[in-house]
Amino acid sequence: MASSSSSSMCASYSSVISRPFYKSQRQFAFFRTGKLGSVPDLGGRFRCMAGQTGFFTKLGRLIKEKAKSDVEKIFSGGFTKTRKNLAVIDELLLYWNLSDTDRVLDELEEALLVSDFGPKITIKIVENLREDILSGKLKSGTEIKEALKQNVLDLLTTKGRKTELQLGFRKPAVIMIVGVNGGGKTTSLGKLAYRLKKEGAKILMAAGDTFRAAAGDQLEIWAERTDCEIVRAESEKAKASSVLTQAVKKGKELGFDIVLCDTSGRLHTNYSLMEELISCKKAVSKVVAGAPNEILLVLDGTTGLNMLPQAREFNEVVGVTGLILTKLDGSARGGCVVSVVDELGIPVKFVGVGERVEDLQPFDAEAFVNAIFS
């Protein structure tokens, strides 16, 4: 198999084909998906060549540039409930006058708390506004609204600057996706694969969730849907770290740009499963120096501030480099985005604002602020 891998990469099949890595080792399988007779065009603007410099930098920039064109449209439709909670602010500020400052700021504080900005953030914002109003810097409701938006934007950009994927310079880049069960981890991986492949990257998925029986099947469906290759365990006893090791090796051998690694969903209080993440992290680093390049934690936006303990624990165990916040289209708690960034100093890389495959959107702080306060 190893000797014929390069030539077989040009072929594609009408159904998923299972092929073992080596004849003597059938614990893992390499799956290829695609349409009969078609060869996926992975060249595009960023044709992948071993040693091509700047590929990942260009890829990250292109993703953000292309997303910018429709990000405001998607964000404005994705934060309806949060925006509804905050709409009271416009009413408060419409007929604002200096004598009403305390009452208006008290109600503004309540609106922020209801949207899960959190007590610490809310007090900081309100006191900043109070100081500027009393000093005469803010003289109208319109100015107060703009100052409010600027306060929130400053909080997001000061501690969460690196919103682009940091993929290093070696191929393959390795991205581990972690999180609790039910947060949208595997779905987020599939949507991320779609976005990366759309921009010309050659993607290999690794089904590292060996704890949940259906997880491999779910990821395989995403591999077919996005026309990506996938590595998964054939044996039920395979360790997650072994699956990821084999996937990264395969990615290195066959010239993949990015290996997306799924992991078992776990409660942040389950320390034995959390330890497994450490093993996975160490395993891939032995194959590619500096890997994983990103460890993205998927958090359910509908849980609001309850996501903070999860984020703290995952960060302490594996060192989270970025966040994916899902289900924000159905959440009235959009303020939690600000709280998580301020509390942990971890940037939000992507947000999920819908069910469609393209609705995993690169996070844009300015568009987010405009969306929730529009």
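1. Let's start with Glu294, which sits in strand 7, the run covering residues 294-300. Keep in mind that this is a predicted model.

2. Is Glu294 buried or exposed? Its relative accessibility comes out at 1%, and the cut-off for buried is under 20%, so Glu294 counts as buried.

3. Which side chains does the Glu294 side chain make polar contacts with? One is Thr321, with a side-chain to side-chain polar contact of 2.4 Å. Another is Lys349, where the side chains are joined by a polar contact of 3.0 Å.

4. Now for a helix pair. Helix 7 (residues 141-159) packs against helix 13 (residues 336-344) with the axes 9 Å apart and an angle of about 40° between them. That angle makes helix 7 oblique to helix 13. As for handedness, helix 7 and helix 13 cross in a left-handed way.

5. Who makes that contact? From helix 7 come Val152, Leu155, Leu156 and Lys159, while helix 13 supplies Val337, Val338, Val341 and Asp342. Sorted by type, the residues where helix 7 meets helix 13 are 6 nonpolar and 2 charged, with no polar ones.

Notes
Residues numbered from 1 in each chain as written. Predicted model: local features only at pLDDT ≥ 70, side-chain atom pairs only at ≥ 80, totals over all residues. Heavy atoms only, no water. Axes fitted to C-alpha atoms, helices over the stretch in contact; angles between N-to-C directions. Helix = DSSP H or I, 4+ residues; strand = E, 2+ residues; numbered from the N terminus. Parallel < 35°, antiparallel > 145°, perpendicular 65-115°, else oblique. Left-handed = near helix turned anticlockwise from the far one by under 90°. Contact = heavy atoms within 4.5 Å. Nonpolar A, V, L, I, M, F, W, Y, C, P; charged D, E, K, R; others polar. Buried < 20%, exposed > 50% of the residue type's maximum accessible area, 1.4 Å probe, protein only. Polar contact = N/O pair within 3.5 Å; in protein donor to acceptor, adjacent residues only side chain to side chain.
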